[in-house]
Amino acid sequence: MTEEAKKPSMYDNVLQQFNKTADRMNLNPNIRRILAITNNELIVHFPVKMDNGEVEIFTGYRVQHNNALGPYKGGLRYHPTVDVEDAKALAIWMTWKTSLAGLPYGGAKGGIQIDPRNYSLAELERITRRFTYALGDNIGPELDIPAPDVNTNAQTMAWIADTYMSTKAPGERSQNQHVVTGKPVGTGGLEGRDRATGFGVYLNIRLLHESRGETLEGKKFIVQGFGNVGYWASKFLTRDGAIMLSVQDAHATLYKEDGISVDDLYEHSKPRKGSIQGFDGAPEIDPADFWGIECDILIPAALGNQITASNADQIKARIVAEGANGPTDNAGEKILLDKGITIIPDILCNSGGVIGSYFEWLQNRNGELWQLDEVMAKIEKKITEVFHKVENKVSEEQVDWRTAAYMLAIGRIETAYIQRGIFP
Ligand code: NAD
């Protein structure tokens, strides 16, 4: 067995975190059994005609973990690492996240095992539409509502919504627009959904500073991932006077002692499929040096399992704000906690996205249109409320932030099961 194969998977991590919390809160054993499994795991294989006329077969996934609190909800990811085990872990995290935020949703996740950079836009459109068709009525506006994730965006959601709606009778089509969230504003999308996740990451960091009697002015941060989450979080942080020292993506790692311009880097990356490589505003450094940079805040906003026993020791930040889902594995987390680093856990830190998605879903369902300032105010109110709930739990129970967030999230689902019982 290789070293790589021995590493705990994201699924191992999520189950360990769940078991630790279940022990700590004395979770009802029947509910523990239910929450430890995923309800449905769908794998679809589908053919798509490529630009050169050849047919390629793709594999897509959708895992639905739990729907005790409402329809399944969670992103679709296009990445070579997507498989059923990762989708299971990510679906479970979504259940905790929607529950913690007090939303009427359960958790799901899925995607296609591809590197989208290898395909043209027209091919990606056909792949997305054919995947949607293959999922059929396993998704739906009151059943399972996908959203953007790694390498998918508002355009992807527009294709899914259009394909799904096209399979319905003409009189029913418009009632199905909320089958996905994260759509473009002109196609039923919500003003501000694009920035909702990054804004939530920033807000959680700001609230933690406020609780400590500090501001963001002059605070130094480093960010892994300069996609939707990394970009928007960095933009809001620098607006409040924080300094972006370093940024790493799949192609390069940049470092500049007096700070990197977020706007200039964004303009550079836009025509390069999001890549930060070749930016003349900051020199490249060795990617391995990223984790050990002296800073106040580290934001992992790329993929899972990035902070592990192999690099956690090097981390100098006082706060790790998890923009990504599952970026810290359990061994890495123990090292960070022992060093006195506060981890704002993913299910709290990046919940702005699903909160924004909920508002989009409500807006579509009720035929309403909300303005950007209204939306941002609603997201801020919701995140602030959840942040303080978790903060209080941390001090009441004397536990770390992840355990506190899990206790609240799982406690809400436990209450729902106890109130309504198990069918039949
Ligand atoms: P994205 O596709 O817009 O950006 C991903 C970024 O990660 C890119 O900059 C890419 O280059 C970088 N990256 C990929 N592999 C990398 C590697 N090996 N090393 C360093 N960087 C790498 O994706 P996103 O929507 O910003 O999502 C990022 C993370 O945030 C994911 O974990 C996702 O699940 C999570 N998340 C996203 C949302 C959302 O609304 N988009 C909501 C909640 C959580």
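Domain bounds here come from an automatic or database domain assignment. With that in mind, the chain in this predicted model is assigned a domain 1 that covers 38-173 and a domain 2 that covers 195-349.

**How the two domains sit together**

Start with the overall layout. Between the C-alpha centres of domain 1 and domain 2 there is a distance of 27 Å. The two parts do touch: 12 residues on the domain 1 side are in contact with 10 residues of domain 2. Put together, domain 1 and domain 2 bury about 940 Å² between them, and carbon and sulfur atoms make up 58% of that area. Over on the domain 1 side, the residues that lose the most area to domain 2 are W93, K97 and R117, which together account for 54% of what that side buries.

**Where the ligand goes**

Now for the ligand. Both domain 1 (38-173) and domain 2 (195-349) give residues to the shell around the ligand, so the ligand lies between them. There are 22 residues around the ligand, and the ones that come nearest are R77, D149, N151, T197 and N325.

| Residue | Backbone atom | Ligand atom | Distance |
|---|---|---|---|
| N151 | N or O | oxygen | 2.8 Å |
| V229 | N or O | oxygen | 2.9 Å |
| A250 | polar | oxygen | 3.1 Å |

How much of the ligand does the protein bury? Taken alone, the ligand exposes 830 Å², and the protein buries 85% of that. As for the elements around the ligand, α7 (193-211) and α8 (228-239) are the ones that give two or more residues to the shell.

How values were computed. Residues are numbered from 1 along each chain as its sequence is written. This is a predicted model: local features need pLDDT of at least 70, side-chain atom pairs count only at pLDDT 80 or more; totals for chains, interfaces and linings use all residues. Side-chain values use heavy atoms; hydrogens and water are left out. A residue is near a molecule or strand if one of its heavy atoms lies within 4 Å of it. A polar contact is a pair of N or O atoms within 3.5 Å; within protein, one must be able to donate a hydrogen and the other to accept it, and residues adjacent in sequence count only if both atoms are side-chain atoms. Accessible areas come from the Shrake-Rupley method with a 1.4 Å probe; for residues, only the protein chains shown count as cover. Helices (H or I, at least four residues) and strands (E, at least two) are DSSP runs, numbered from the N terminus. Contact means heavy atoms within 4.5 Å. Buried area is the accessible area (1.4 Å probe) that two parts lose on being put together, summed over both.
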